[in-house]
Amino acid sequence: MPPSRPLRADARRNREALLAAAREAFLAGDDAGVEEIARRAGVSVGTLYRHFETREVLVAEVYRQEAAELCATPARLLAQHAPDEALRIFLLLLVEHAAVGKGMGEVLENIMATDSPVFDEARDEMARALDELLAAGVAAGLIRSDVKGRIVLRALGGICGMRTKGWKDDALHIATLLYDGLRYGAANHG
């Protein structure tokens, strides 16, 4: 959870350094403990625990931050690209987001098994982001109108849930196939 009141500048820097160090460790697939994350951030373990009471809370916050950054991209993508290209890029970004989650491994799975609202909120935001991109594509006559963001997200979730070696390359390829399917027959579904 984000802090409830504004942090002092030094505390904000420490929190940001901890999140950056944790994200880097998780992306690299390191099973870094709190001591290692604190060391990489250049702070004490006590400082880490002042910001995040457990490693699970730290993992959930890294995930929440990643999801928020991802879901903020549709407007920028639509400003820079045609609606169908913006959708294609976002689908690939969703696969990259899944790679971050995989880097968090077992801890993320343990959090997902709890009633933490972080994942439900992230899924809802991702579905809304997809709906925005799909609607822009439909309005331009480039994307079929009979598919909603939640369905696309479920399809990608199944793809990105693979645990085999090379899953990410396969997921990127399958996301491209999904994108092609979203464009197929757009004129007939408008």
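This is a predicted model: local features need pLDDT of at least 70, side-chain atom pairs count only at pLDDT 80 or more; totals for chains, interfaces and linings use all residues.
Q: Why is Arg150 called partly exposed?
A: Buried means under 20% relative accessible area and exposed means over 50%. Arg150 has a relative accessibility of 34%, which lies between those limits, so Arg150 counts as partly exposed.

Q: What makes Arg123, Asp124 and Ala127 contacts of Arg150?
A: Contact means heavy atoms within 4.5 Å. Leaving aside neighbours within four places in sequence, Arg150 meets that limit with Arg123, Asp124 and Ala127.

Q: How do you know how α7 and α8 are placed relative to each other?
A: Two packed helices are described by the angle between their axes and the distance between the axes. For α7 (residues 117–139) and α8, the axes come within 7 Å and cross at roughly 115°. The crossing is right-handed. Among the residues making the contact are Leu130 and Leu134 of α7, together with Val152 and Leu153 of α8.

Q: What makes up the contact of α7 with α8, by class?
A: There are six nonpolar, one polar and four charged residues. Gly149 of α8 takes part in the contact, and Gly counts as polar by definition.

Q: How many helices and strands does the chain have?
A: The chain has 10 helices and zero strands. Of its 190 residues, 40% are buried.

Definitions and conventions: Residues are numbered from 1 along each chain as its sequence is written. Side-chain values use heavy atoms; hydrogens and water are left out. Buried means under 20% relative accessible area, exposed over 50%, partly exposed in between (1.4 Å probe, protein chains only). Axes are lines fitted to C-alpha atoms, for helices over the stretch in contact, and angles run from 0 to 180 degrees between N-to-C directions. Helices (H or I, at least four residues) and strands (E, at least two) are DSSP runs, numbered from the N terminus. A crossing is left-handed if the near helix is turned anticlockwise from the far one by less than a right angle, and right-handed if clockwise.
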